[in-house]
Amino acid sequence: MHPPGFRNFLLLASSLLFAGLSAVPQSFSPSLRSWPGAACRLSRAESERRCRAPGQPPGAALCHGRGRCDCGVCICHVTEPGMFFGPLCECHEWVCETYDGSTCAGTCHCGRCKCDNSDGSGLVYGKFCECDDRECIDDETEEICGGHGKCYCGNCYCKAGWHGDKCEFQCDITPWESKRRCTSPDGKICSNRGTCVCGECTCHDVDPTGDWGDIHGDTCECDERDCRAVYDRYSDDFCSGHGQCNCGRCDCKAGWYGKKCEHPQSCTLSPEESIRKCQGSSDLPCSGRGKCECGKCTCYPPGDRRVYGKTCECDDRRCEDLDGVVCGGHGTCSCGRCICERGWFGKLCQHPRKCNMTEEQSKNLCESADGILCSGKGSCHCGKCICSAEEWYISGEFCDCDDRDCDKHDGLICTGNGICSCGNCECWDGWNGNACEIWLGSEYP
């Protein structure tokens, strides 16, 4: 038997211990149950308070709505591998996004980069902490860009009259004179294609692949990309092979003239008259299938009898399928159109009029993966989809392709030198390029 004073001491000690447990941090919360399955020592209100984000009022989402609260501890719902949610399930993703092959130049926390600015300078910033303006500090003056420019993402942009990586050098001419020397004929500084440094333009090469040349000239006035306008796809050369492209313009050889040096001086027709004669009723000279010289069309490929007509308006290749079969073997081709034999119909005479299967069997063959008949863009006949004629660009086995996705050149899908197959150009022999716009073959025998 213990004296009453000793019992009072035990009650007081138990009360103090319980109060202390209520005040401990959440990391200590597993001790709030005496043993697994025991009742929680916290009140419901206190338990929920510990599971809410700081500053959130009663009734706000517990564990950021991504878990359940168990005696003041958040049990997060992790449904995907690699996901991490933190003490209050506050982190949505554990891993930060990558930048230039690396993950965060600072510290990755909750899927976001925290930049190292322990000195309070704020010079390291960016979504990936990729910008470090400490690189702009001049070693001698210890100033940003030597005090003669502004730094952006580790690069100095100098004031007029100064240059160098850290704006450490001063020009020997006045800013006004520097600007005058860098002004192009159209009144722009370095033609808006370069940087002016002490009166000299450093041109920006905007096409690092080199496919179309670069930018050059004293004031960056020459942009060889402009030569695209004088590129001739039949000769696979600039200026029709009869001149040199300079600053986007053709300097023609003797005996030739025109924007692309395509017109011989021996021709009695003007370039405009020549084009008109080659155009005929088409929107393009030689129907986009040949080369116009002095009002006469040379159809391409040269010697291929499938392309013919005064303005190359007939193209019997259009009667062939991807395997080269003409009109499905059930018709004849006339100027690019199939004339079907009796009992067959379709653009390529590919559909028989008589069907030997039930309607149910036919529909089963016309259903696409999503269970829709011909993708809802055509009708079904004998197990084959017939795409809507009103929407000329719809094609494919289940009318699920859009021919408008195929590349164009001169306004023609696949330049008229190939077949559009579900968004990709299948070029005919001798032609190459995304839009079948380049002739690489030799003349046909």
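This is a predicted model: local features need pLDDT of at least 70, side-chain atom pairs count only at pLDDT 80 or more; totals for chains, interfaces and linings use all residues.
# A guided tour of the disulfides and rings

Begin by selecting Cys340, which counts as partly exposed at 28% relative accessibility.

**First stop: Cys340 and Cys349.** How is Cys349 classed at 0% relative accessibility: buried or exposed? Cys349 counts as buried, whereas Cys340 counts as partly exposed. The reason lies in the cut-offs, because a residue is called buried under 20% relative accessible area and exposed over 50%. The structure holds 31 disulfides, and two further examples follow.

**Second stop: Cys286 and Cys297.** Select Cys286 together with Cys297. Their disulfide has an S to S distance of 2.2 Å. The link of Cys286 and Cys297 is left-handed, with -95 degrees about the S-S bond. Cys286 and Cys297 are both buried.

Where in the fold are the two ends? Cys374 lies in the loop between α5 (359–366) and β31 (378–381), and Cys385 lies in strand β32 (residues 384–387), so the pair connects parts that are eleven residues apart in sequence. Both Cys374 and Cys385 are buried.

The next selection shows aromatic rings. A pair of such rings is described by the distance of the centres and the angle of the planes. How many aromatic pairs does the structure hold? The structure holds one. In Trp392 and Tyr393, the ring centres are 5.4 Å apart and the planes stand at 85 degrees, so the pair is edge-to-face. The label follows because planes over 60 degrees apart count as edge-to-face. Trp392 is exposed, with a relative accessible area of 55%, whereas Tyr393 is buried, with a relative accessible area of 15%. The charged end of Arg404 sits over the ring of Tyr393, 3.6 Å from the ring centre.

Select Gly396, which is found in the loop between β33 (394–395) and β34 (401–402). Gly396 is partly exposed, its relative accessible area being 33%. Leaving out residues up to four places away in sequence, Gly396 touches Cys387 and Cys401. Then select Gly423 as well: the C-alpha atoms of Gly396 and Gly423 are separated by 9.9 Å, and the two residues are 27 residues apart along the chain.

**Last stop: the largest nonpolar core.** In soluble globular proteins, nonpolar side chains tend to be buried together. Which residues make up the largest nonpolar core here? The core has nine residues: Tyr300, Cys406, Cys414, Cys420, Cys425, Trp428, Trp431, Cys436 and Trp439. Finish by selecting Cys436, a member of this core. Apart from its neighbours within four places in sequence, Cys436 is in contact with Cys414, Thr415, Asn417, Gly418, Cys425, Glu426, Cys427 and Trp431.

Note on methods. Residues are numbered from 1 along each chain as its sequence is written. Side-chain values use heavy atoms; hydrogens and water are left out. Rings of Phe, Tyr and Trp (its six-membered ring) pair if their centres lie within 6.5 Å; planes under 30 degrees apart count as stacked, over 60 as edge-to-face and the rest as tilted. Buried means under 20% relative accessible area, exposed over 50%, partly exposed in between (1.4 Å probe, protein chains only). A charge sits over a ring if NZ of Lys or CZ of Arg is within 6 Å of the ring centre and within 35 degrees of the ring normal. A disulfide is a pair of cysteine sulfur atoms within 2.5 Å. Helices (H or I, at least four residues) and strands (E, at least two) are DSSP runs, numbered from the N terminus. A nonpolar core is a set of buried Ala, Val, Leu, Ile, Met, Phe, Trp, Tyr and Cys residues joined through side-chain atoms within 4.5 Å. Contact means heavy atoms within 4.5 Å.
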